[in-house]
Structures are given as C-alpha cells and as structure tokens.
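Open the structure in your viewer and keep the selection tool ready. Each stop tells you what to select and what is there.

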Amino acid sequence: MATAPNRKDDHLRIAAGPGVTHDRGPGLDAVRLRHRALPGRDLADVELAIRLLDRDLAAPLLISAMTGGTPHAAVINARLATAATERGLGFVLGSGRPLLADPGLLPTYRSPARPPLLLANLGAVGLTAERATQLVDLLGADGLSIHLNPLQEAVQPEGEPHFADVRDRIAAVVAALAPLPVVVKEVGFGMDGEDVRELAALGVAAVDVAGSGGTNWALVEGARDARAGEVAAAFGSWGVPTADSLRAAARTAPDVPLLASGGVRDGVDVARCLALGARAAGMARPLLIAAREDRAGDALDLVLRQLRIAVWATGAPSAARMGAGELA
Ligand SMILES: Cc1cc2nc3c(=O)[nH]c(=O)nc-3n(C[C@H](O)[C@H](O)[C@H](O)COP(=O)(O)O)c2cc1C
C-alpha cells in the first residue's frame, strides 16, 4: 500500500494508535450463533483444521497483509511469521511494492519462519503479470493477494486512483500465476456483491471482503496529512460492514471461496464469519498492536481458544462444517 519507507513506518505507527477505526463496527455483534447446552462432544474433540488454497492450516485464521520494507517492519514480520508458523496459520505479507523497487529489502519481509500458507501482496493499481510473478518468486510465496484500495488511493496526497483497467490487470495476473492462487481483497471498506461476482468471473481463487468496522484507511491517511484529513473526515462511516459484505458475497458468488476480515476482533467473530459463509477470517490491526509488544503468539492463542469454544458451543463438529445451520 506504500512505496516510500517513511510512509510505511508512518502507517505502522498511526495504524497502531487511536482514531483510525471506522465509526461503526463490522456488524458481527448482531450475528447470533446457536448455543447448544448439549454440544455433543468434548471441547478437545472440536476440529479446527481446514484446507485453504491447497494448504493445510491448523485453524481458519490468517494474519492479514500489513507490512514490509523497513527495519521496524522486519521486526513485526519476523514476530508475526514465527507466531503463524508455530500455530500452523496463514500469513499475508504487506505490499511488495517496495521490495520490487529494491530486492535488497527481502529480509524485511521474509524471516526463517515459514508458515504453512504464505501469500505475497500487491495493489491492483499498476499491477502487471510480470511484477506479480517476480514478487511471488522473490518471496517464495504460495500465491498472491491483490488489494483493492480505491478510497485510500483517492485520499492519499500521493495516491493513484487509476481503477479503469483493474479487472484486466487482475485477469492477466490470474493467468500468469496459475496454478498458484490469486486472492483479491479490499483493505477495510468491504465489497459490493457485484464486485465479488465480477472477481469470481475473473477466476480468482478466493475473495477477502475486508469489510468496514475495523481499521479505516481513509482515517489513517488523514492522520498523515492535514489536507487528506479534511477529505477523510467524511469517510469515517463509509463502506460495507464485514457481516453485510459477506452475506452479499455468499449470495452473488456462491462458488468462490470467501475470506472475511475487517474488524474481526476475537475468536467468536471468527466463528460468526464462518457461519456467514467464510472459509477463514483474517485480522490485521490487533495483531500489529500485539506484535509491537512482542505478544503476537499470545494474541493468536487467545483467538484460537475463543474460536474452539465458540465452534463447540454451537454444536458443530468442526470449523470446516460451520455454516448457516449454526446461526441462531
Ligand atoms: C499497518 C497496516 C498496514 C496494512 N498494509 C496493507 C497492505 O500492504 N496490503 C493490504 O492488502 N492491506 C493492508 N492493510 C489492510 C489489512 O490487511 C486489513 O484489510 C485492514 O486493516 C482491515 O483489517 P483490521 O480491521 O483487522 O485491521 C494494512 C493494515 C494495517 C493495520
């Protein structure tokens, strides 16, 4: 999402601080799961493992794309990669744009820890098949996550809101990387059902709706620049809340695997996303805050414990079997 190294460090500092979340939540609180007083099995016998993008994960949880390219980013990424690897979770690296400009930055993205699912990340603006292939090769990634961030590009003083040919660019990358998977995500404003339908038609392997309710990238950009801040102030409640975006996606594109992120804050939220049709959920800002305090592993353990209890209490045998039947 950024090029200049100081911009990336600004983002880390500002995004971990106050005043950067949406005015309204992701809508997950209103999603009530069934509660079974007779869960039907022991807590320990709930199966959390899933298969996602041809990889085996210990649970349906991803660390969403955040950073890379600076010494501070290197520390954060190493902590997140270790925490994800030790727990068998997926990890999406931050935008690889700085890395493509300077391959010497590789150690700020990759650490020795190798999670079972590692995705590279690039913005859709300026995306080419060649750059996508080069980045995935450099990182030794299992696939690519492409972010759509129209609002951020529009608010950012140095932004490039050039979205006219984005569909063609995504289609070219899907073809060039095959059989490696391409996931397309927003960055926290969500997607319309029509967006998800169009992305499915482009052959993407999964869509992460990355809805509103968590980190608000207009406000993050607004905190970096006074003029951007004036524009951003009107967008504090913009976007499709994660729960609504998931419902719309499941309706318009029932065959494309869905991921959910944006305002996912605990293991019960993850279970709610699964019940709404997501295969897995992702978290960014809470894990950034935890990683800065060197407690990313503890933060993930807490989410996993909450998720296990939530899946169990709905009566579902496994995370993979969670669905509409677990909605109250
Ligand atoms: C510090 C920070 C940096 C981010 N950088 C990227 C990025 O490079 N690429 C991307 O696709 N999304 C990026 N995001 C967006 C997240 O992946 C996620 O979609 C968004 O923050 C909403 O999730 P959250 O509410 O859990 O933070 C970033 C988020 C944070 C907090």
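**Before you start**

This is a predicted model: local features need pLDDT of at least 70, side-chain atom pairs count only at pLDDT 80 or more, and totals for chains, interfaces and linings use all residues. Residues are numbered from 1 along each chain as its sequence is written, and side-chain values use heavy atoms, with hydrogens and water left out.

**Stop 1: the whole protein**

Show everything as a cartoon. Helices (H or I, at least four residues) and strands (E, at least two) are DSSP runs, numbered from the N terminus. The C-alpha atoms fill a box of roughly 55 × 40 × 40 Å along the principal axes.

Of the 328 residues, 55% count as buried. Buried means under 20% relative accessible area, exposed over 50%, and partly exposed in between (1.4 Å probe, protein chains only).

**Stop 2: strand β6**

Select residues 143-147, which form strand β6. How many of its residues are buried? The count is 5 of 5. In a regular strand the side chains alternate between the two faces of the sheet. On one side of β6 sit G143, S145 and H147; on the other sit L144 and I146, and all are buried.

Two strands pair if DSSP finds at least two bridges between them. N121 stands opposite S145 in β6. Now trace the chain from β5 through helix α4 (residues 129-139) to β6: this β-α-β crossover is right-handed. That means the path runs clockwise from the first strand over the helix to the second, with the strands pointing away from the viewer.

Look for H147 opposite K185 in β7.

**Stop 3: helix α5**

Select residues 150-155, helix α5, where P150 lies. P150 is partly exposed, at 34% relative accessible area. Beyond residues up to four places away in sequence, P150 touches F163 and E186. Contact means heavy atoms within 4.5 Å.

Move to E153, also in α5. An unreviewed UniProt entry annotates E153 as "binding site". UniProt positions are given in the numbering used here, feature names are shortened, and annotations may be inferred rather than shown by experiment. E153 counts as buried, because its relative accessibility is 6%. Its contacts outside four places in sequence include V125, G159 and F163.

**Stop 4**

Most residues other than glycine have a negative phi, and most peptide bonds are trans. Select A178 and P179. A cis peptide bond joins them, with omega about 5 degrees. P179 sits in the loop between α6 (166-177) and β7.

Then pick D54, in the loop between β1 (50-52) and β2 (55-57). D54 has a positive phi of about 65 degrees. D54 is exposed, at 60% relative accessible area.

Finish at D294, between α12 (285-292) and α13 (296-314). Its phi is positive, about 55 degrees. D294 counts as exposed, at 53% relative accessibility.
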